[in-house]
Amino acid sequence: MAKSVNKVILVGRLGRDPELKYTASGTPFCRFSMATDDSWNDKGTGERQERTEWHNIVAWDRLAEICNQYLTKGKLIYIEGALQTREWDDQEGNKKKITEIRAREMVMLSGGAGDTAGGGQQRRAVAAEAPAGNSGGGGTSTSTITDDDIPF
């Protein structure tokens, strides 16, 4: 039996404040960027090298509302989700393509850019699992998270 896995785990900082929008059917979704850093020693020169990788994140339903309410630029967060690629035609008729991380879980690790990961209380939010076959942008699934589930 063939099985595949599409899972992404990132820890990084928000590059901009989340933007909350709604589909035509009223389903909330939230987009934001996230930066992860990588560093290594160059084998040839021995110099320390650094690189920042930017990721496009999208959250749906209640998780989108939580991200919009509590996340701000510079916060250190944990994101768990899956890669998804979207294609569309822009206004000039050019084909566009973007790969995003569809967030299923988010944990706030710090309050802002100056905070350290160990300095604050972790806050966690989890998206409800989408029904099988729902690979689109939001669908009609609803989250099982209520305000009572959130510890803050």
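How many aromatic pairs does the structure hold? In this predicted model, the structure holds one aromatic pair. Its members are F29 and W60, whose ring centres are 5.0 Å apart; because the planes meet at 35 degrees, the pair is classed as tilted. F29 belongs to strand β3 (residues 28-41) and W60 to strand β4 (residues 48-60), so the contact ties together parts that are 31 residues apart in sequence. Both F29 and W60 are buried.

D61 lies in helix α1 (residues 61-70). The backbone of D61 has a positive phi of about 60 degrees, although D61 is not a glycine. Most residues other than glycine have a negative phi. With a relative accessibility of 13%, D61 counts as buried.

Turning to the cysteines, a search of the whole structure finds zero disulfides. C30 takes part in no disulfide, and the nearest cysteine sulfur, that of C67, is 5.5 Å away. A disulfide requires sulfur atoms within 2.5 Å. The sulfur of C67 has that of C30 as its closest cysteine sulfur, and the 5.5 Å between them is too far for a bond. C30 is buried, with a relative accessible area of 0%, and C67 is likewise buried, at 0%.

The accessibility values of these residues are set out below.

| Residue | Relative accessible area | Class |
|---|---|---|
| C30 | 0% | buried |
| D61 | 13% | buried |
| C67 | 0% | buried |

How values were computed. Residues numbered from 1 in each chain as written. Predicted model: local features only at pLDDT ≥ 70, side-chain atom pairs only at ≥ 80, totals over all residues. Heavy atoms only, no water. Buried < 20%, exposed > 50% of the residue type's maximum accessible area, 1.4 Å probe, protein only. Helix = DSSP H or I, 4+ residues; strand = E, 2+ residues; numbered from the N terminus. Phe/Tyr/Trp six-rings, centres within 6.5 Å; stacked < 30°, edge-to-face > 60°.
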